[in-house]
Protein chains: 2
Amino acid sequence: MPLSMYQTSVPVFLHGFANLSAILDKGLAFADEQGVDPDALVQARLIEDMGPLSSQVQRASDTAKGCAARLAGIDMPSFEDNEATFPELQDRISRTVAFLQTVRPEQIDGSEERDVLLTAGKQSFAFRGQEFLLQHALPNFFFHVTTAYDILRHKGVPVGKRDYLGRR
Amino acid sequence: MPLSMYQTSVPVFLHGFANLSAILDKGLAFADEQGVDPDALVQARLIEDMGPLSSQVQRASDTAKGCAARLAGIDMPSFEDNEATFPELQDRISRTVAFLQTVRPEQIDGSEERDVLLTAGKQSFAFRGQEFLLQHALPNFFFHVTTAYDILRHKGVPVGKRDYLGRR
C-alpha cells in the first residue's frame, strides 16, 4: 500500500518529538551534573544571530502543528513562545503532541493536491499538499530538531545519533 | 494519488543536495572574502568529537545512495570518504546525484514492505521499507544536511533558512 499523507506526516512528527524530548532530558541532566544553569542552556545558540534552543523547539512545534492543520484544513492551536525552562519546553512538546493526536488519518489523507498557502513575514509561498509536506514541512521540522540537538551537542551534552533517531 | 516510495525519497534527496551544494558555495565564497583557509572550514566541527563538515556531506551522500539502493534492491556505489576541499565535496555530491538519477521510479515503488537490514558497526537494524524511509533515511539525511549548515552558520557563513529550504 503506498504511503499516505498522514503516515508521512503525523507519525513522523510524533517520533521526532519523542526523540527531541529525550534529548532535552539529557540536556537537563547534563546541566544538573555539571552545575550549569539549565535556563542558560535553554538560551544557548550556535551563533549570536541564530535562534536559541528554545526557538528551535518552538519552530519544530509550529512546523508540525502547522503542517497537520494545513493538510487537514483545520485551525491550529496558537502557542505563546514564552518557554524559558526545560520543563516548559517539555510542556510545549506535550501540547503539540496532544494536538497532533487529535488529527485523524482521514482528515489528512487525500491532501496531496490541496492548496497550501504559507506566509513567512511579508512573503507568501503557494504549494500543493504533497510539495508542502516533502519540500517544506519535513525538511523544516528536521532542521529544528537537528539544530536543537546540535546546540546541546556543541555545549557538551552527551547525546548521540541514536538519541536523534530514537533507537533506545 | 498517494505518495509513492520514489517521490518520497529520490526527489527529496535531489532537492536537498541542490540546497547543500548552494550552501557549500556560500561557505567557499565566505572563506575567500574573509581570508579564511577554505580547507580549514571543511574540517570545522561543532565540538571536538563530532564529525566535521566533510563528514556531514559524506554521511548525507551515504544515507541517500544507501536508501535508494536498498529500496531498489540494487548495489550502491562505494565512495572513498577522502574529500578534503570544497570542490571535492561538490564532486561527492555530483557523483551521488548522478547515481540517484540512474534509479528509476519503478525500481523503488512498491518497496513499502521490502525487508531492509541496516548494519551500523556491530549492530544490525531490521526495517520494512516504509519504516526505513520515514524513521531512518529521511531523518538521517536531513540531520547531516542541517549539521553541515549549522557548522558553516556557527563559523559565520551568511546562510539562512531560505538556502536550506531552497527558496531561491
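Analyst: The account below begins with the interface and then turns to the core and the backbone.

The model is a predicted one. The size of an interface is often given as the accessible area lost when the parts come together. Between chain A and chain B, about 3,700 Å² is buried, and carbon and sulfur atoms give 60% of that area. In terms of residues, 41 of chain A are in contact with 41 of chain B.

Polar and charged pairs also span this interface. The rule finds 15 residue pairs in polar contact across the interface of chain A and chain B, both partners being at pLDDT 80 or more. Salt bridges between chain A and chain B number 2. In one salt bridge, B:Arg153 pairs with A:Asp49, and their closest N and O atoms are 2.9 Å apart. On the side of chain A that touches chain B, at least two residues each are supplied by helix 1 (10-34), strand 2 (123-128), helix 6 (129-154) and helix 7 (161-165) of chain A. Helix 6 of chain A provides the largest share of that side, with 17 residues. By residue class, the side of chain A that touches chain B comprises 20 nonpolar, 14 polar and 7 charged residues.

The core comes next. In soluble globular proteins, nonpolar side chains tend to be buried together. Here the largest nonpolar core holds 110 residues, and A:Phe17 and B:Phe17 touch the most other members. Neighbours within four places in sequence aside, the contacts of A:Phe17 are A:Ala60, A:Ser61, A:Ala64, A:Ile93, A:Thr96, A:Val97, A:Leu100 and A:Phe141.

The backbone shows a feature worth noting in each chain. Most residues other than glycine have a negative phi, and most peptide bonds are trans. A:Asp81, although not a glycine, has a positive phi of about 60 degrees. This residue, A:Asp81, lies in the loop between helix 3 (53-72) and helix 4 (86-102) of chain A. Its relative accessible area is 35%, so A:Asp81 is classed as partly exposed. In chain B, B:Asp81 likewise has a positive phi, near 60 degrees. The position of B:Asp81 is in the loop between helix 3 (53-72) and helix 4 (86-102) of chain B. B:Asp81 is partly exposed, with a relative accessible area of 34%.

Notes
Residues numbered from 1 in each chain as written. Chains lettered and ligands numbered in written order. Predicted model: local features only at pLDDT ≥ 70, side-chain atom pairs only at ≥ 80, totals over all residues. Heavy atoms only, no water. Contact = heavy atoms within 4.5 Å. Buried area = accessible area lost by both parts, 1.4 Å probe. Salt bridge = Lys/Arg side-chain N within 4 Å of Asp/Glu carboxyl O. Polar contact = N/O pair within 3.5 Å; in protein donor to acceptor, adjacent residues only side chain to side chain. Helix = DSSP H or I, 4+ residues; strand = E, 2+ residues; numbered from the N terminus. Nonpolar A, V, L, I, M, F, W, Y, C, P; charged D, E, K, R; others polar. Core = buried A, V, L, I, M, F, W, Y, C linked by side-chain atoms within 4.5 Å. Buried < 20%, exposed > 50% of the residue type's maximum accessible area, 1.4 Å probe, protein only.
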